Amino acid sequence: MPNTLLESIALNSLESISLYKQSIAIIDDNNPYYCYELLVNHLDHQELYFFRYVINEEVSVVMPFILRDILHDDVKTGYYDVTSPWGYNGPLFHPSLSKELIEGFWVAVDAWYKENKVVSEFVRFNFSENYTFYTGETIHTLRNVKGKIADWDYFWSNLKSNTRNQFRKAKKEGLTFELHFGTIDEAKVKAFYDVYIGTMNRRDAIDSFYHPLEYFTEFCEKNPRKCAIGLVYENDLAISCELFLISDDTMFSFLGGTSSDHFKLRPNEYLKINAIDWARTQGLTYYMIGGGLSNSETDNLYLYKKKYFPFDDDIHFYTGRKIIDKQVYLKLTNENSTDDTLSMEEIEKIEEGFFPRYRA
């Protein structure tokens, strides 16, 4: 039998942050969604941790997670829940792990949850099928548009004619495009930030989207080969922006925005098509543009993104849901509910609706 050890480590010191980065590098240092600086958040009553699963003295699994206090009437209950940081992550498995060893990891995680009063878990999985052998419910959550960009002529010819015309219109209007990669000047990060925050304000976004400027400057500084910033200008004014994440073969859309006063100039189309051309010249093969606001094939945001790659196969995003302590989950849900008292049978239907239900 292999010798295994599950460590849970709070990412609250230079030493633990360094250990996390070293552990990630041992398994796969290519995925930008596991960058520490991307995972950090500054919301109250939650702390960033990671599991480190060591098999025969070798780091074999790393999983970042957020441990959150569960409150009732703004008072800590003494219970916690776990959620993934924003993005596509969950456990990062060493590629050589067997089914039995992966199952052993989840058994160890569930035991840790029980020992530490964790009531429920919500996982945002990555695109490497790391949901396989998960001990909770695996939910197909979102279609994500992913297109091949290595052949420019193929990409351009597959665009709908109105999309090509929107690109030409933006060019004719005199818009200019910039792509910043590697060492990114702080002024360019600030230009991105101003457009991005303006967009979040217009959309009345939730708190987790409101990062301070320093979050972006530090991420770009510490991960120069894993991010890029695209900007579109009208004269000297930045009117559209996007922060891209970069792996060895893929460019990912992450966060962006556009000035509502300039929609008619089609700056977003101009940005994305120019960014795709840049990525192609850098030797990247794919562009992952993301999904919609729902899993529906008629979702307007999904259809907007799909217009760039109408004939490419989508890639699918899965999330995981798990109740560890059913009695406490039921108690918390009924305490926080404005509806009638719910039964255990109703509580256990976790595939649909908001999860965990006591935070609805």
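**Close-up views of a predicted model**

Figure 1. A search of the whole structure, which is a predicted model, finds one cavity of 30 Å³ or more. The volume of this largest cavity is about 30 Å³. Its lining consists of K148, Y154, F155, N158, Y308, F309, P310 and D312. Helix α4 (residues 152-158) supplies three residues, the largest share of that lining. By residue type, the lining of the largest cavity comprises five nonpolar, one polar and two charged residues. Rolling a probe the size of a water molecule over the atoms shows where empty space is left.

**Figure 2. The second largest pocket.** What is the volume of the second largest pocket? The volume is about 480 Å³. The lining of this pocket has 27 residues, and D28, N31, N126, F127 and S128 lie nearest its centre. At least two lining residues come from each of the strands β5 (92-93), β11 (250-258) and β12 (286-290). The lining of the second largest pocket divides into 14 nonpolar, eight polar and five charged residues.

**Figure 3. The cis peptide bond between F355 and P356.** Most residues other than glycine have a negative phi, and most peptide bonds are trans. The bond that joins F355 and P356 is a cis peptide bond, with omega of about -5°. P356 is placed in the segment after α11 (344-347).

**Figure 4. N56, a residue with positive phi.** The phi of N56 is positive, about 50°, although N56 is not a glycine. N56 belongs to the loop between β2 (46-55) and β3 (58-72). Is N56 buried or partly exposed? With a relative accessible area of 46%, N56 is partly exposed.

**Figure 5. R266, a residue with positive phi.** R266 is a residue other than glycine, and its phi is positive, near 60°. The loop between β11 and α8 (267-281) holds R266. R266 has a relative accessible area of 25% and is therefore partly exposed.

**Figure 6. The protein chain as the setting of the close-up views.** The protein chain contains eleven helices and 13 strands. Its radius of gyration is 22 Å, close to the 21 Å that the globule rule gives for 360 residues, so the chain is as compact as a globular protein of that length. The C-alpha trace spans about 65 × 50 × 40 Å along its principal axes. Of the 360 residues, 51% count as buried. Among contacts between residues at least 6 apart in sequence, 73% join residues at least 24 apart. The chain exposes about 17,700 Å², of which carbon and sulfur atoms supply 47%.

Technical notes. Residues are numbered from 1 along each chain as its sequence is written. This is a predicted model: local features need pLDDT of at least 70, side-chain atom pairs count only at pLDDT 80 or more; totals for chains, interfaces and linings use all residues. Side-chain values use heavy atoms; hydrogens and water are left out. On a 1 Å grid over the protein atoms alone, a cavity is a set of points where a 1.4 Å probe fits but cannot get out, and a pocket is an open set with protein on both sides within 12 Å along at least five of seven lines; lining residues have an atom within 4 Å of a point. Grid points are joined across faces, edges and corners, and a volume is the space filled by probe spheres set on the points. Helices (H or I, at least four residues) and strands (E, at least two) are DSSP runs, numbered from the N terminus. Ala, Val, Leu, Ile, Met, Phe, Trp, Tyr, Cys and Pro count as nonpolar, Asp, Glu, Lys and Arg as charged, and the others, Gly among them, as polar. The radius of gyration is taken over C-alpha atoms; the globule rule is 2.2 Å times the number of residues to the power 0.38. Buried means under 20% relative accessible area, exposed over 50%, partly exposed in between (1.4 Å probe, protein chains only). Contact means heavy atoms within 4.5 Å. Accessible areas come from the Shrake-Rupley method with a 1.4 Å probe; for residues, only the protein chains shown count as cover.
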